[in-house]
Amino acid sequence: MFYSLCELKTKNLSLLIQEDFEGYAQKAKTLPENTTNENMLILYGLYKQATVGNVNTNRPGMFNLRDRAKWDAWKAVEGKSQEEAMGDYITKVKQLLEEAAASA
């Protein structure tokens, strides 16, 4: 199969962002314990959007606060493309790692 130059660039860009995303997903596991819940929820929502796509489950019940907050964070980024969500996730992890290094 032959691809146009534009198609090859798009495929290569998608592979590169996927590799970067996977690397930053590992780095996110090293974030300090004092990372705010708000920032962790932002990362969760972006990660789910990047890996699954739009929300595909019902909103948890009102007594399930933890899962409801996670669902809301995912719903907040609904409509972003998977590549855009990956890029935003990478940017947010970089920001949080830089902030953690600056305060160390």
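## Rings and core: worked exercises

This predicted model holds 3 aromatic pairs. Let's work through some of them.

**Exercise 1.** Work out how F21 and Y47 are paired, and which helices the pair ties together.

*Solution.* 
- Start with the geometry: the ring centres of F21 and Y47 are 5.5 Å apart, with 25 degrees between the planes.
- Planes under 30 degrees apart count as stacked, so that's the label for F21 and Y47.
- Now place them: F21 is in helix 1 and Y47 is in helix 2, so the pair ties together parts 26 residues apart in sequence.
- Finally, check burial: F21 is buried at 3% relative accessible area, while Y47 is partly exposed at 34%.

**Exercise 2.** Follow Y47 to its pair with Y89 and classify that pair.

*Solution.* 
- Y47 and Y89 sit 5.9 Å centre to centre, with 55 degrees between the planes, which makes the pair tilted.
- Y47 belongs to helix 2 and Y89 to helix 4, 42 residues apart.
- Y89 is buried, with a relative accessible area of 4%.

**Exercise 3.** Find which elements give two or more residues to the largest nonpolar core, and which gives the most.

*Solution.* 
- The core has 15 residues, and F21, L43, Y89 and V93 have the most contacts inside it.
- Helix 1 (5-28), helix 2 (37-51) and helix 4 (82-102) each give two or more residues.
- Zoom in on V93: leaving out residues up to four places away in sequence, V93 touches Y24, K27, A28 and L43.

Key
Residues are numbered from 1 along each chain as its sequence is written. This is a predicted model: local features need pLDDT of at least 70, side-chain atom pairs count only at pLDDT 80 or more; totals for chains, interfaces and linings use all residues. Side-chain values use heavy atoms; hydrogens and water are left out. A nonpolar core is a set of buried Ala, Val, Leu, Ile, Met, Phe, Trp, Tyr and Cys residues joined through side-chain atoms within 4.5 Å. Buried means under 20% relative accessible area, exposed over 50%, partly exposed in between (1.4 Å probe, protein chains only). Helices (H or I, at least four residues) and strands (E, at least two) are DSSP runs, numbered from the N terminus. Contact means heavy atoms within 4.5 Å. Rings of Phe, Tyr and Trp (its six-membered ring) pair if their centres lie within 6.5 Å; planes under 30 degrees apart count as stacked, over 60 as edge-to-face and the rest as tilted.
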